[in-house]
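Please look over the model shown here, with its sequence.

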Amino acid sequence: MGTSVGTVVSRLRYRARHPIPRRPPGPAAMRLLATVLPSLLIACTLLPANASAAGYQQPSAAVRELLDTAPLPRLLPSPDRQQLALIETRRFSTIEDLQRPTLHLAGTRFDAGSGVAPGLPAIQRLRLRALLQPDAPERVVELPAGGLWHDFTWAPDGQRFLIERRMERANELWVGDTASATVRPIQGLRLNEVLAQGEKAWLNPRELVVLSVPDHRGPPPRLPPQPVSEESRGLASPERTHPDLLRSPQDEALFEHHARSVLTWVDLASGASRDLGPAQLYSSVSSVGEGQYLLTERISRPFSYRLPWDDFPTIVEVRQRDGKLVRELARMPLKSGVTIDGVLPGPRVFYASPTRDAAVYWIEALDGGNPAQRVAFRDRLMRLDPPFTGEALEVQRMPHRFSRLQFLDDGQNALLTEVDRQRAWQRSYLLPLKGTQSKPLFEFSQRERFRHPGSPLMRMLPNGHLVVQTLNGDLLLSGPGASPRGDRPFLDRFSLRDLSAQRLFQSPEGSYETPLAVLDGGRQLLLNRESAGEPPNLALRELASGNSLQPLTRLKDNTPQLRRIRREFVSFKRADGVDMSFWMYLPPDYKEGERRPTLVWAYPLEYSDASIASQVSGASNRFLSFNGISPLALLLDGFVVLYDAHMPIVGDLKTVNDGFIEQITMNARAIIDKADDLGVSDPKRMAVGGHSYGAFMAVNLLAHTDLFKAGIARSGAYNRTLTPFGFQSERRSIWDAREVYLNLSPLLYAPQIKEPLLLLHGEQDGNAGTPPLQSERLYHALSGLGGTVRLTMLPLESHGYGARESAGHVQWEMSRWLKTWLGDPRDSREPREGRASAPR
């Protein structure tokens with residue numbers, strides 16, 4: 001009859017969308033239906049993604065059981081190291097939570113009713129006990145029903161704690177008493193966290209200043225529609241791609257309405273609160289010194305339609321603790337016209353001293369904020385002392401760009417860190433806050449693993465400031481202790497006098513122990529201890545004896561089924577001699593000698609030096625657990641997973657992307673060859689996948705090689721012309737490196753993508769550079785060219801996927817895709833569908 005099954009399906013779809021009055025079918029229609037019905041039924045089971053069954057799908061029973069297992073409690077010692085909070089949170093958000101009205105304004109997202117960020121981890125149960133007494137009774141904190149509890153915070157002395165409750169129209173602040181394990185609300189206070197989530201300025205363990213909603217805010221404004229115009233007159237402003245920007249005067253009015261807050265003083269002992277002045281667009285508040293002053297930042301107009309709120313004009317001020325203005329320190333302009341990797345030319349990055357001197361520090365550029373300028377010094381550190389009159393003093397000049405300032409607990413010194421962006425090189429100094437010049441301490445590549453000196457241990461002062469902990473004038477540095485034999489975390493005592501390091505502790509080989517704090521004058525070490533078969537628990541080690549270990553908590557294994565998974569750290573070399581590695585995971589039912597379909601999951605990283613790129617890291621004695629959308633869940637469906645596959649891109653960081661395709665191809669070949677040598681993978685049944693920049697890598701491998709049978713790409717970017725002013729580590733614009741941008745856009749190579757590709761993306765992706773449009777356009781290109789591709793958009797989800805339903809569906813999608821194109825892992829035969837896809 002000349003009518004194809006596809007034509008009939010198309011007509012049925014059209015009629016479903018454009019119904020006509022019913023009438024009895026004629027003889028011709030009946031003959032046609034009888035002819036094509038058998039084929040039609042088969043075709044409907046093979047419809048493409050846009051015609052698949054509606055609703056969330058469930059993963060296998062084993063994966064569903066794993067996803068529904070309650071996570072282990074978070075263990076949070078109090079700042080004085082005397083108390084312990086055991087915080088049990090919900091693993092996933094609910095669809096109902098994600099469906100709450102959310103505003104997307106000025107680069108931020110918040111709940112329209114309460115002002116809090118969407119997708120908060122919900123606290124379901126809270127327990128307290130003495131930290132250093134393992135058998136001490138636990139005190140259950142009864143949290144009243146209703147709302148969503150979140151953001152537990154210890155007071156600096158550990159005698160009280162704070163916890164927040166999101167309600168329909170407010171985010172409440174509750175104060176808890178540690179001894180009695182009871183909570184009560186601060187009456188009449190509604191926290192405002194639109195611009196500063198969790199912002200709290202402790203004055204002392206009893207008093208603090210928070211940002212709150214004005215008492216008489218009124219309803220949100222509604223402006224009449226009006227034309228929107230933007231204009232540029234010759235000032236270059238190469239901004240990167242930002243999501244959720246303002247787009248109209250109505251957006252501006254809504255943003256200002258919700259973001260405006262007041263400084264509010266709170267007394268935790270009495271529950272009293274008092275507003276400190278009128279409402280402003282406060283974005284930050286911190287205490288200065290021992291609570292003598294407040295350092296505030298507030299944004300002002302004009303707003304921008306091309307930049308997020310934290311690039312808006314900002315006014316920095318010092319205030320008395322009662323909120324009265326002492327001095328305006330700076331007016332930072334709109335961050336427009338700043339070069340790529342540049343900074344504002346005037347004052348920026350303000351710090352409040354944590355000690356009684358109550359000084360304020362900030363950074364100023366000496367190169368006009370332009371990294372292309374050749375100067376002897378790029379930044380300088382400034383200081384202004386109370387009563388904040390007169391001119392600020394220059395404390396230190398830096399040849400490279402400022403990175404961070406960390407105050408020591410001695411009240412006399414700080415650690416000053418700068419970064420040479422051209423070399424990706426980091427240098428730290430000991431900086432006397434008054435008087436003498438700084439002393440270089442250590443420097444290393446930002447990607448350094450083997451020779452990394454460690455990071456300083458921190459402790460909290462009674463005024464709530466975190467400072468670097470010292471021991472008799474020496475630093476305490478902790479790091480992962482990466483080596484060719486695996487990671488072994490360490491604690492060093494670093495002398496600030498002669499720059500020598502003494503190793504106080506290194507994790508034994510049979511477990512993975514991470515230092516948390518030094519107690520009892522340096523005689524004891526509080527640490528987090530785990531092993532391949534034991535979940536993370538707190539323990540106490542005597543540093544003098546080394547072998548004396550006292551467990552402080554006894555959390556049990558909540559996922560024993562994962563202990564049957566075999567895990568091995570595998571290292572090898574690629575063709576040019578650069579060392580590589582991956583973690584090989586074998587499913588619980590794997591039998592020796594089997595070659596199973598395999599997923600390679602990776603994320604590319606750039607290195608300026610081949611020797612640094614060759615430094616591998618990892619530890620086989622860590623407790624195996626993973627989040628709800630991890631590809632490791634595919635192990636329970638029988639697949640081999642090569643996880644965290646090392647994907648180095650080596651070269652001059654200014655031009656490293658010139659060889660991106662060649663290097664990821666070399667990496668992929670080495671990974672496949674090693675998996676083949678190990679005898680666990682079938683090279684003809686291997687897929688590649690990744691998330692975000694890993695998805696970008698995976699699709700480029702499908703576009704430029706024939707190495708993999710299928711691909712999975714989640715929340716990626718595939719058209720670099722949509723990110724014209726840089727991406728990831730790329731600093732050149734598309735007009736400076738046109739061929740690089742085009743070569744690294746797999747959308748432009750869609751005709752070369754012959755392998756089946758699964759695209760997953762959050763419908764509300766808020767990550768810069770990865771809007772849902774990226775996956776939609778690639779899907780349209782591949783489907784239009786006759787490629788094999790499936791696109792699933794996850795409703796209400798952003799760059800990661802937080803709902804229980806979404807996690808289950810993502811696992812179902814990935815497992816189903818791999819089974820379709822690689823075959824059932826428990827069947828050695830090549831899949832029927834896979835044979836139909838001929839290699840290039």
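Q: How do you know that the span of helix α11 (residues 804-822) agrees with its number of residues?
A: Helices here are DSSP runs of H or I with at least four residues, numbered from the N terminus, and the expected span is 1.5 Å times one less than the number of residues. For the 19 residues of α11 this gives 27 Å, and because the end C-alpha atoms are also 27 Å apart, the two values agree. Just after α11, G823 takes a positive phi of about 100 degrees.

Q: On what basis do these answers rest?
A: The model is predicted, so local features need pLDDT of at least 70 and side-chain atom pairs count only at pLDDT 80 or more, while totals for chains, interfaces and linings use all residues. Residues are numbered from 1 along each chain as its sequence is written, and side-chain values use heavy atoms, with hydrogens and water left out.

Q: What makes a set of residues a nonpolar core?
A: The term covers buried Ala, Val, Leu, Ile, Met, Phe, Trp, Tyr and Cys residues joined through side-chain atoms within 4.5 Å. The largest such core has 56 residues, and those with the most contacts inside it are L642, I671, F708, L757 and L759. Its largest share, 9 residues, comes from helix α8 (residues 693-704). Apart from it lies another core, of 34 residues, among them A710, L758, A807 and M814.

Q: What makes a space a cavity?
A: On a 1 Å grid over the protein atoms alone, a cavity is a set of points where a 1.4 Å probe fits but cannot get out, and lining residues have an atom within 4 Å of a point. A search of the whole structure finds 3 cavities of 30 Å³ or more. The largest cavity has a volume of about 80 Å³, and of the 14 residues that line it, G113, S114, G115, V213 and R217 lie nearest its centre.

Definitions and conventions: Buried means under 20% relative accessible area, exposed over 50%, partly exposed in between (1.4 Å probe, protein chains only). Helices (H or I, at least four residues) and strands (E, at least two) are DSSP runs, numbered from the N terminus. On a 1 Å grid over the protein atoms alone, a cavity is a set of points where a 1.4 Å probe fits but cannot get out, and a pocket is an open set with protein on both sides within 12 Å along at least five of seven lines; lining residues have an atom within 4 Å of a point. Grid points are joined across faces, edges and corners, and a volume is the space filled by probe spheres set on the points.
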